[in-house]
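Dear colleague,

I am passing on the model we spoke about, with the sequence and the coordinates placed just below. After them come my notes, which you are welcome to check against your own view.

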Amino acid sequence: MRIEGGLKRVLVAGLIAGLLAVPAQAHGRQPFPGENAAGFTELTQELDHFAAQQNELDRSDAQQEARDREQEARDRELQRKDREQEKKDREQDKLDRMQDLYDAGREALDDGKYQQAEQKFDELAQKNGPRTDAALYWKAYAENQSGKRDTALATIAGLKSRFPQSRWKKDAEALEIEVRQSSGHPVNPESQSDEELKTLALQGLMNSDPQRGMQMIEKRLAGTASPKDKAKMLFVLAQNGSPEACEVLGKIAQGQSNPDLQRKAVEYLGIFGGNRAAATLETVYTNSTDAGVKRAVIRSYMISGNKEQLFKLAKGEKDESLRRDAIRNLGLVGGEKELQQLYQTETSVGLRREILQGFFLAGQSDKLVQVAETDKDPDLRRAAVRNLGLMGKSDVLQSIYTKDPDRGLKEEVLNAYFIGGNAKALVAIAKSEKDPELKKRAVEKLSLMNSKEGNEYLMELLNK
């Protein structure tokens, strides 16, 4: 058991003083060399020196304990952040899976595989996600195309009952009329519909008589044509590129139809609208409550290279998910100056991590190096290292590994080398690393890579 330094000095001093106070002969011993005041002073000085060393050891132990507690606190905080991020990732994965189902269903419709489309949209509808009403509409559409008219009518009734305020309701009612009118008539999925022929005719009319063609398109967009055919008409309209065509697109983009058609109009404004579409897109974004529509606007800003609007949303949008989208797309259009400004002012670690991803997409390795070497947040430094690894910046990673004492950062460098397939760098670390745990990590990764350099080093270890 360790005795506190000050207490030990008192005990030893008392013992020596007691010995000096009693004559040597009383103890049956020879006198101490220099058993006098000078000798006592010398012993006291030695004792003070001993106590100082002991106190220094105590301070060192206390400092190490403090560092350990701080590291434990940082580890707990990182684990908490990781749990939060995992939760967000799970939620996003769920949304992504539903989007994949929706896209697969639409693709099956385009290919005339109506039974497969029906299954996809039925599965999506049962998940009760944010696009359930759209899934029910397209399920009814596929059922009608397969000749299941009674089933289609039941699906439409379910949509209208469950979602009385849905923007798909108008299209569902138009489909209901079509189903009732065509009851008793067989459907041949392989034959081209009149709607497709009309769309082709409209395309020719837009070339020969744009004004008349525009009137016809507006009429059909407001009528009972299917969303699929309305989307084709939107494309014909967008290709025209006239101010009148942009105006009609703008009306659809502002919500005068179902959400799918609205997003398609927003997309076409980004592709074909040019600078004239910027004001319309801003209005759409401001007035819409649909996150999908807002994301479509962000993508349109990216397509048109509108850094100004993307920067504005990256700074001011209240929804963190939408801000992430804006930041990511800002990287895709090369907005490195804007990203740098955002990084300096942003306080959210999650959003700063997204900005690092923006630097990666913009190819700005120098900004990532700066964060990896100087940022105070170890989580952000690790994220920067991860992106540097994906960019193949081996020399920079080696320098970071050598200079930075953070163990977590060193492990991230090892991960970056592994992902990048840099066996040579891992071998160099495994040979020089003094920390047995980090050395083990490097060897573990080499054992999974099946590289020439790595295998040679593994054989070298086995032959020792």
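Asn-128 lies in the loop between helix H3 (114–126) and helix H4 (132–145), and although it is not a glycine, it has a positive phi of about 55 degrees. Helices here are DSSP runs of H or I with at least four residues, strands are runs of E with at least two, and both are numbered from the N terminus. A positive phi of about 55 degrees is also found at Asn-450, again not a glycine, which sits in the loop between helix H23 (436–449) and helix H24 (452–462) and is exposed with a relative accessible area of 64%.

Some words on the basis of these notes. This is a predicted model, in which local features need pLDDT of at least 70 and side-chain atom pairs count only at pLDDT 80 or more, while totals for chains, interfaces and linings use all residues. Residues are numbered from 1 along each chain as its sequence is written, and side-chain values use heavy atoms, with hydrogens and water left out.

As for confidence, the protein chain averages a pLDDT (the predictor's confidence in each residue, from 0 to 100) of 82, and 87% of the residues score at least 70. Over residues 1–8 the pLDDT is below 50, and this stretch has 13 contacts in the model beyond near neighbours in sequence, a contact being heavy atoms within 4.5 Å. The pLDDT is also below 50 over residues 185–192, a stretch with eight contacts beyond near neighbours in sequence.

On the chain as a whole, there are 24 helices and zero strands, and of the 464 residues 40% count as buried. Among contacts between residues at least 6 apart in sequence, 58% join residues at least 24 apart.

Now to the helix pairs. Two packed helices are described by the angle between their axes and the distance between the axes. The axes used here are lines fitted to C-alpha atoms, for helices over the stretch in contact, and the angles run from 0 to 180 degrees between N-to-C directions. The axes of helix H9 (residues 227–240) and helix H10 (residues 243–253) come within 8 Å and cross at roughly 140 degrees. H9 and H10 are therefore oblique to each other, given that angles under 35 degrees count as roughly parallel, over 145 as roughly antiparallel, 65 to 115 as roughly perpendicular and the rest as oblique. In their contact, Leu-234, Leu-237, Ala-238 and Asn-240 of H9 meet Ala-245, Val-248, Leu-249 and Ile-252 of H10. These residues divide into seven nonpolar, one polar and no charged, where Ala, Val, Leu, Ile, Met, Phe, Trp, Tyr, Cys and Pro count as nonpolar, Asp, Glu, Lys and Arg as charged, and the others, Gly among them, as polar.

Further along, H14 and H15 pack at an angle of about 145 degrees with their axes 8 Å apart. The residues of H14 that take part are Lys-307, Leu-310, Phe-311, Leu-313, Ala-314 and Lys-315, which meet Arg-323, Ala-326, Ile-327, Asn-329 and Leu-330 in H15; this contact divides into seven nonpolar, one polar and three charged residues.

H15 and H16 likewise pack at about 145 degrees with axes 8 Å apart, through Ile-327, Leu-330 and Gly-331 of H15 and Glu-338, Leu-339 and Leu-342 of H16, a set of four nonpolar, one polar and one charged. In helix H16 (residues 336–345) the buried residues are Glu-338, Leu-339, Gln-340, Leu-342 and Tyr-343, and what covers them includes helix H14 (307–316), helix H15 (320–332), helix H17 (349–361), helix H18 (365–374) and helix H19 (378–390).

Gly-335 lies in the loop between H15 and H16 and, at 0% relative accessibility, counts as buried. Leaving aside neighbours within four places in sequence, Gly-335 is in contact with Lys-307 and Leu-330, and its C-alpha is 8.5 Å from that of Gly-358, 23 residues apart in sequence. Gly-274, in the loop between helix H11 (259–272) and helix H12 (278–287), counts as partly exposed at 40% relative accessibility.

Definitions and conventions. Buried < 20%, exposed > 50% of the residue type's maximum accessible area, 1.4 Å probe, protein only.
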